[in-house]
Amino acid sequence: MINTAKLTKTYGSKTVLDIESLDIPKGQSFGLVGNNGAGKTTYFSLLLDLIKPSKGEIRSNGILVKESEDWKPFTSAFIDESFLIGYLTPEEYFYFIGELRGQNKADVDALLSQFEDFFHGEILNQKKYLRDLSKGNQKKAGIVAALIGNPEVIILDEPFANLDPTTQIRLKGIIKNLAEKQGVTVLVSSHDLMHVTDVCERIVVLEKGKIVKDLTTSEATLKELEAHFTGTETY
Amino acid sequence: MKIKHFISLEWKQYFRSAYWQKSMALNVLLVFVALYFVVTFLALGIALYPILKDTFPEQDPFKIVNSYLFYWFLADVLMRFFFQKLPVMSVKPLLTLPIKRSKVVHYVLGKSSFSFFNFLPLFAVIPFGVMLIINDYPLVSVIFWMITIFIITLIINFLNFIIESISSETELSYLPIIALAGGLFAINYFNIISFTNLVSGAISSIYKTPLFIVIPVLILLGLYVVNFSKLKKQLYLDSSLKSKAQEVKASNLEWTRKFGDAAPFMQLDLKLIWRNKRPRSSIFILVIGLFYGLFFYPNPVYQDMPWMYAFVGIFVTGIFLINFGQFIPAWDSGYYKMLMSQNIKYKQYLKSKYTLMVVSVVIMFVLSIPYVYFGLEILLAHFAAAIYNIGVNTHVILFGGSFNRKKIDLNQRAAFNYQGTGAVQWIIGIPLMLMPLAIFGAMYYFFNFEIGCLALIILGVIGIVFHQKLMNFITEKYLDSKYKMIQAFGQDN
């Protein structure tokens with residue numbers, strides 16, 4: 001589904017991302033971990049054509065991301081709060097996104113009804129603008145907005161941060177369901193090793209822009225990751 | 001924390017912003033404008049005394065100057081309101097550090113007294129004072145006169161922040177200042193209270209009895225204290241630094257469907273304008289723009305200058321276009337990344353903005369029809385200007401938007417950001433107004449009024465005919481600068 005080849009991003013003389021090759025098959029739940037500055041958000045931004053690669057390319061479903069825009073209809077993302085429109089209510093925001101993705105109100109309502117648990121009564125019908133919601137609730141709205149319009153690729157940057165424990169557990173359920181039952185390719189980055197190993201079939205560790213580990217998740221994965229990060233932190 | 005820390009923070013904030021680095025040309029232009037004013041004021045200060053002496057040999061030039069000081073101060077208040085902002089400093093990060101709140105406030109206020117606006121009058125006042133001394137006016141008195149003028153300038157400086165904060169709290173935008181200045185002017189003009197005499201009387205009594213200088217000093221201190229307590233109250237997270245939750249006023253805006261595929265963006269734009277303080281003020285400006293013609297048309301001086309009509313027409317019919325348009329696409333800067341990763345066509349996005357501007361021009365033209373009372377030519381000129389605005393200026397301003405690199409924080413509250421519009425945005429407005437004025441003026445000069453109007457209409461029609469082509473070209477420009485815009489809009493400036 002997503003093929004990355006010889007991708008580098010440099011700012012001045014500093015290389016922040018350098019991926020020789022990374023292929024993510026359709027329907028995989030893919031986790032990206034790494035310390036701050038490892039290049040996780042840079043990779044996602046490149047994937048969304050928000051920044052230009054210095055060298056190399058990403059193809060999404062065969063489409064060259066940096067040149068064509070045809071990947072947009074089947075891709076959606078929530079990177080940070082700047083993806084929200086603060087002066088809209090959550091409903092208006094969902095309908096707006098829906099409209100951009102060719103969904104009418106009824107479609108959006110049907111989707112939203114599946115997430116009543118997840119919203120925990122704090123998002124819909126609150127008569128509040130998105131900018132006035134708490135960080136956690138903003139994140140919930142943003143994540144659900146990324147699910148509108150049956151995307152085939154969903155990119156979530158740090159989806160677990162700022163969420164309360166109940167919502168974190170529910171979100172894990174949602175992500176698993178997307179990948180396993182609906183064949184959606186889900187890309188998640190996180191600092192929480194436990195959540196990532198719970199959710200993702202495959203985990204890639206980035207360090208200073210390079211892939212240092214590429215693991216298929218198993219019983220031993222969490223231990224291995226913990227050992228890795230303990231080791232790197234000591235020197 | 002010392003003053004020098006504050007200053008270094010400011011320095012870094014200014015020079016490290018994307019805005020500064022990308023618009024050297026504008027900064028240079030600003031410096032030139034500043035220099036121009038300095039030189040003008042200097043010339044005024046030197047030449048004023050001899051000119052007055054020559055023109056009115058039997059009057060005392062010093063008295064004449066004093067009698068016009070009221071207008072000077074009034075103009076100063078107006079100028080500052082539109083161009084000067086309370087120096088912005090992002091104070092939130094400082095609140096938890098061991099710095100006294102009062103120190104932060106003192107710094108912000110103190111910094112404001114070093115504004116260019118406070119020094120500019122000195123360039124006229126000092127040479128004029130020196131001329132007075134040369135011409136045998138009493139030295140001490142003249143010095144006190146100069147000090148008085150400077151103190152009054154500072155008084156206006158601090159008064160302005162109070163006016164600005166009132167107008168931003170009440171969301172009436174420019175109305176309070178216009179009402180205040182207009183009111184004072186009218187009271188003076190119709191001789192209900194003669195502020196001219198009042199001001200000149202007050203100043204000459206200080207000139208005669210320097211001890212009276214205590215009064216303006218006390219007023220200055222009073223205003224400083226008012227500003228101080230006002231700002232200090234706002235330095236809490238729960239007052240104005242934090243946003244208040246607003247009750248939603250929803251409406252479905254179904255009628256925008258008529259505009260086809262641009263409809264979702266139209267709805268978004270309308271909500272943007274109505275729900276955010278900054279863009280909402282451009283609605284209030286419409287009212288002022290509409291009455292702008294009243295400054296000119298009833299005045300017999302302008303009766304013989306029909307070339308002014310086109311200028312007024314461009315302004316009256318285009319005021320929303322200029323005000324709203326100059327910040328495209330920065331209005332959407334807060335969520336620009338999201339828009340860029342969505343399945344949207346840039347063209348639809350721009351078309352929505354275009355449609356809004358065209359509709360505003362049409363509405364303003366219709367509302368300005370009553371000006372026909374002052375002459376049929378005015379209607380013709382306004383019509384030509386409206387067509388020109390629709391055909392040319394909309395495209396120009398959209399094109400200009402592709403160079404926009406300055407983020408607008410819609411969520412930002414009034415505390416340390418009153419107007420948000422600096423002199424820079426006004427300079428960008430100049431080509432929009434001067435181009436049509438030049439074209440019209442030239443046609444008027446070489447041919448006649450009707451040909452001038454015809455020229456504007458023809459240019460406008462050409463723009464409308466080539467609308468699609470122009471939009472394609474503009475869309476290209478936006479696509480070209482996509483990454484730069486995303487990067488700049490992601491920065492806090």
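In the predicted model, Val196(A) is buried, as 24 other C-beta atoms lie within 10 Å. The residue belongs to helix α7 of chain A, which spans residues 193-199. Val196(A) touches Gly31(A), Val33(A), Val188(A), Ser190(A) and Ile203(A), leaving aside residues up to four places away in sequence. Leu32(A) lies 8.1 Å from Val196(A), C-alpha to C-alpha, although 164 residues separate the two in sequence.

Strands β3 (residues 29-33) and β8 (residues 185-190) of chain A run parallel and are joined by 5 bridges. The open sheet has 6 strands, in the order β6-β7-β8-β3-β9-β10 (chain A). Its pairing is mixed. At the edges stand β6 (75-78) and β10 (210-216) of chain A. Each has a single partner strand, so one side of each lacks a neighbour in the sheet. From one strand to the next, the twist averages 15 degrees. Helix α6 (residues 165-182) of chain A packs on this sheet. Helix α6 touches β3, β7 (153-157) and β8 of chain A, and its direction makes about 145 degrees with that of β8(A).

The β9-β10 end of the sheet contains a hairpin. Strand β9 (residues 202-207) of chain A runs antiparallel to β10(A), with 6 bridges between them. Arg202(A) stands opposite Thr216(A) in β10(A). The hairpin has 2 residues between its strands. In this hairpin, Lys208(A) takes a positive phi near 45 degrees.

Chain A also has an open sheet of 4 strands, ordered β2-β1-β4-β5. Here the pairing is antiparallel. Strands β2 (14-24) and β5 (63-64) of chain A form the edges, and each pairs on one side only. Strand β1 (residues 2-11) is joined to β4 (residues 55-60) of chain A by 5 bridges, in antiparallel fashion. Within this pair, Asn3(A) has Arg59(A) as its bridge partner in β4(A).

Chain B comprises 22 helices and 0 strands. Of its 493 residues, 33% are buried. Among contacts in chain B between residues at least 6 apart in sequence, 82% join residues at least 24 apart. The pair Val105(B) and Lys232(B) is 127 residues apart in sequence and 6.4 Å apart in space, C-alpha to C-alpha. Val105(B) is placed in helix α5 (residues 101-112) of chain B. Its 20 other C-beta atoms within 10 Å make Val105(B) buried, because the cut-off is 20 or more.

Two helices of chain B were examined as a pair. The axes of α15 (residues 307-325) and α18 (residues 376-401) of chain B come within 7 Å and cross at roughly 35 degrees. The crossing of α15(B) past α18(B) is right-handed. On the α15(B) side, the contact includes Tyr309(B), Ala310(B), Gly313(B), Ile314(B), Gly318(B) and Leu321(B). On the α18(B) side, the residues include Ile378(B), Ala381(B), Ala384(B), Ala385(B), Tyr388(B) and Ile397(B). By class, the residues of this contact divide into 12 nonpolar, 8 polar and 1 charged.

In soluble globular proteins, nonpolar side chains tend to be buried together. The largest nonpolar core of the model has 130 residues. Those with the most contacts inside it are Tyr93(A), Ala145(A), Ile155(A), Val188(A), Ala384(B) and Leu456(B). Helix α18(B) gives the largest share of this core, 12 residues. Ile155(A) touches Phe44(A), Leu47(A), Leu48(A), Ala77(A) and Leu187(A), again not counting residues up to four places away in sequence. A second, separate core has 23 residues. Its members include Phe73(B), Phe128(B), Ile149(B) and Phe158(B).

The contact between the chains takes 25 residues from chain A and 25 residues from chain B. On the side of chain A that touches chain B, helix α2 (residues 90-100) of chain A supplies the largest share, 3 residues. By class, this side has 14 nonpolar, 3 polar and 8 charged residues.

Terms used. Residues are numbered from 1 along each chain as its sequence is written. Chains are lettered from A and ligands numbered from 1 in the order in which they are written. This is a predicted model: local features need pLDDT of at least 70, side-chain atom pairs count only at pLDDT 80 or more; totals for chains, interfaces and linings use all residues. Axes are lines fitted to C-alpha atoms, for helices over the stretch in contact, and angles run from 0 to 180 degrees between N-to-C directions. A crossing is left-handed if the near helix is turned anticlockwise from the far one by less than a right angle, and right-handed if clockwise. Two residues are in contact if their C-beta atoms, placed from the backbone, lie within 7 Å. Ala, Val, Leu, Ile, Met, Phe, Trp, Tyr, Cys and Pro count as nonpolar, Asp, Glu, Lys and Arg as charged, and the others, Gly among them, as polar. Two strands pair if DSSP finds at least two bridges between them. A residue is buried if 20 or more other C-beta atoms lie within 10 Å of its own, exposed if 12 or fewer, and partly exposed in between; C-beta atoms are placed from the backbone. A nonpolar core is a set of buried Ala, Val, Leu, Ile, Met, Phe, Trp, Tyr and Cys residues joined through C-beta atoms within 7 Å.
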